Amino acid sequence: MEQAILAGECGCMYISPFVHELKAVFDETYDDGGANLAICLEAQQYYEHYSYSTRVKAAALLSVAEAKGLAGVAAITIPPDLLRTLASTEVLGQDIDELSLFTKGKPSKGNEPVRSTYVDDETSWREAFSEAYYGKGSRLTGEAVDAFKEFQIKAEQLMLEKEKR
């Protein structure tokens, strides 16, 4: 949540929480322990409660059930194969009501999200981020940056090869 809070404070238009580790999206044999759909709900409720304009765009979904679970989030990035599956899947309103985290309503009185601030306190943010998710946040962010770098390099090589032709 630390990254989401900081993004809201800085006025970002969107955040894109990956509900699965990036590695799980590209390696079907990798088990990341399951989707973290709750981060999308928690961030969206936080933004709504404190009137931030930042919206949640969920990413790295792997199944129809996850898409149904996120019905109500501001936006979703869906990979082509999952989009095709969704297009051919009958979705009933009852399914959404039962599966969506967002139909459960707003937090009850006394359970509202606690306001945090990091925009002027980098040290507190770094401490909170390094402790979040049992310390996995920093490692996973590094892995994601490395994966995106690798794809950037491949894209640049592809463009150079095209130019040579």
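This note comments on helix packing and strand pairing in a predicted model.

1. The packing of two helices is described by the angle between their axes and by the distance separating those axes. Helix α1 covers residues 2-9 and helix α3 covers residues 38-49; their axes lie 10 Å apart and meet at an angle of about 30 degrees. Angles under 35 degrees count as roughly parallel, and α1 is therefore roughly parallel to α3.

2. The crossing of α1 past α3 is right-handed. On the α1 side, the contact is made by A4, I5, A7 and G8. On the α3 side, A43, Y46 and Y47 take part. Of the residues in this contact of α1 with α3, six are nonpolar and one is polar, while none is charged.

3. In a sheet, strands pair through backbone hydrogen bonds, in either a parallel or an antiparallel manner. Here three strands make up an open sheet, arranged in the order β1-β2-β3, and their pairing is parallel. The edges are formed by β1 (14-15) and β3 (75-76), each of which pairs on one side only.

4. Strand β2 comprises residues 55-58 and is joined to β3 by two bridges, in the parallel sense. The reader may locate A58, which stands opposite I76 in β3.

5. How is helix α3 placed relative to the sheet strands β1 and β2? Helix α3 lies across both β1 and β2, and the angle at which α3 runs to β2 is about 165 degrees. Since angles over 145 degrees count as roughly antiparallel, this value of about 165 degrees belongs in that class.

Methods
Residues numbered from 1 in each chain as written. Predicted model: local features only at pLDDT ≥ 70, side-chain atom pairs only at ≥ 80, totals over all residues. Heavy atoms only, no water. Axes fitted to C-alpha atoms, helices over the stretch in contact; angles between N-to-C directions. Helix = DSSP H or I, 4+ residues; strand = E, 2+ residues; numbered from the N terminus. Parallel < 35°, antiparallel > 145°, perpendicular 65-115°, else oblique. Left-handed = near helix turned anticlockwise from the far one by under 90°. Contact = heavy atoms within 4.5 Å. Nonpolar A, V, L, I, M, F, W, Y, C, P; charged D, E, K, R; others polar. Pairing = 2+ DSSP bridges.
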